[in-house]
Amino acid sequence: MRSGIESSAPSSPPPSSSEEETLDMLRKLDGGDGGEEEEEQVMSEVHLGCPPGLSGPYISHFTIYLSHDIAHNRQSHELDDEAMASPIMELDEDGDLVLPRRAISSEAPSDGYSFRIQHNITSSIPNVGLQVWRAELVLSDFVLHKIVSSSEFHGAIALELGAGTGMVGLLLARCVDAVFLTDHGNETLENCAKNVQLNAGLLNCKAAISVHELDWFNGWPPEASTAEAPFSQGFSWTFREIEQAENASFLLAADVIYSDDLTDAFFSTLEKLMSRGSRKVLYMALEKRYNFSLSDLDVVANGYSHFRSYLKVDNEMECPDSESMPFFVGKQIDIAQIPQYVREYERGHDVEIWEIKYCTPRQSSGSEAFMT
Ligand SMILES: C[S@@+](CC[C@H](N)C(=O)[O-])C[C@H]1O[C@@H](n2cnc3c(N)ncnc32)[C@H](O)[C@@H]1O
């Protein structure tokens with residue numbers, strides 16, 4: 001039996017002080033009866049229409065249409081918009097959430113497949129990795145586009161940072177040789193591991209897919225456990241896994257830039273990870289979040305400006321000045337060219353994807369530069 005649940009919209013964030021900026025960058029919710037001990041809750045826009053009262057975890061189906069006919073996509077969007085105008089959340093026979101988009105097609109498409117993702121609908125700030133964020137879905141579209149239009153990811157090793165529910169890594173696991181899904185905190189890591197299990201039938205059975213603790217405040221490399229896989233404990237790493245991760249060609253990250261301290265720790269981890277082992281490229285999706293700033297008396301995207309301060313922007317992705325190395329070089333990807341393969345979200349206009357490399361002096365010959 002399907003039971004309809006009326007939706008209620010989350011409250012909009014108030015103007016913020018600097019301490020509250022992190023909260024403001026995510027969607028802050030009214031904390032119910034406002035008990036002071038209750039942790040403040042935030043909600044991803046992907047879960048709009050889901051009543052905040054529903055505490056997780058829930059399983060949602062994300063349908064992937066592999067046909068990248070943009071005209072077809074547009075037509076579907078018009079239908080979707082009607083469904084999004086009056087969102088009513090439903091649960092299916094298994095108790096899984098039926099997101100509004102899914103109303104147009106409850107079956108897995110003939111030219112695609114359907115992923116099951118366990119997630120919460122709201123969470124405290126330390127547990128935001130239990131939700132699915134819009135940037136993860138845009139990055140999923142980007143990865144799917146690469147998979148259908150090139151062989152770049154085929155047979156590669158990839159590592160996702162701040163993977164949360166792990167959707168991007170799971171999609172990659174259909175074509176890479178190995179994927180490391182990394183995040184921090186047992187609850188988020190256990191939820192991510194659950195999603196690997198839920199989608200086992202869809203993954204490339206030859207791909208090694210593993211979930212690991214990687215806290216950016218502890219940097220890289222992580223501490224290795226002395227036991228060898230599969231006997232290593234929990235989400236720890238073995239020496240072999242660390243070595244394999246250093247030989248990844250692709251790093252991926254979505255929505256990990258929402259507080260300046262975190263951005264600093266993230267780039268510090270990247271510096272170490274990208275300067276060891278094989279040359280790597282990072283594909284990073286972020287949501288440009290605006291706040292009203294009392295000091296600027298204007299609406300600004302401070303978190304975004306801090307992120308940009310790490311990058312030299314160069315569309316040719318060259319290392320232009322060897323004297324100032326090492327540095328990150330970045331190129332913004334035009335997401336208007338990427339069709340929407342994942343149906344159940346509104347892409348919006350504030351998500352960006354960046355291709356980022358790390359330029360270091362070549363260790364062996366001294367003067368010549370290379371990108372790791
Ligand atoms: C907004 S969520 C994004 C999750 C997922 N990528 C998505 O977009 O759906 C931010 C992610 O960064 C992770 N994160 C926050 N601080 C971290 C840290 N110090 N080390 C590693 N991951 C961290 C969170 O656990 C969470 O998974």
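1. A term to start with: two residues are in contact if their C-beta atoms, placed from the backbone, lie within 7 Å. Take V179 as an example: leaving aside its neighbours within four places in sequence, V179 touches A158, G169, L172, A173, A207 and I209 in this sense.

2. Please keep in mind that this is a predicted model, in which local features need pLDDT of at least 70, side-chain atom pairs count only at pLDDT 80 or more, and totals for chains, interfaces and linings use all residues. Residues are numbered from 1 along each chain as its sequence is written.

3. On confidence, pLDDT is the predictor's confidence in each residue, from 0 to 100. The protein chain has a mean pLDDT of 80, and 72% of its residues reach 70 or more. Residues 1-21 have pLDDT below 50, and beyond near neighbours in sequence this stretch has 36 contacts in the model. Residues 102-106 also stay under 50; the model gives them ten contacts beyond four places in sequence.

4. Now the overall fold. Eight helices and 18 strands make up the list of elements in the protein chain; helices (H or I, at least four residues) and strands (E, at least two) are DSSP runs, numbered from the N terminus. Of contacts between residues at least 6 apart in sequence, 69% join residues at least 24 apart.

5. A residue is buried if 20 or more other C-beta atoms lie within 10 Å of its own, exposed if 12 or fewer, and partly exposed in between, with C-beta atoms placed from the backbone. By that count, 38% of the 372 residues are buried.

6. A nonpolar core is a set of buried Ala, Val, Leu, Ile, Met, Phe, Trp, Tyr and Cys residues joined through C-beta atoms within 7 Å. The largest one has 73 residues, and L139, A158, L172, V176, V179 and A285 have the most contacts inside it. Its largest share, seven residues, comes from α3. A second, separate core of five residues includes M43, C50, I121 and V128.

7. Do look at α3 itself. The buried residues of α3, among them E136, L139 and F142, pack against β3 (58-65), α4 (167-172), β11 (250-254), β12 (281-287) and β17 (351-361).
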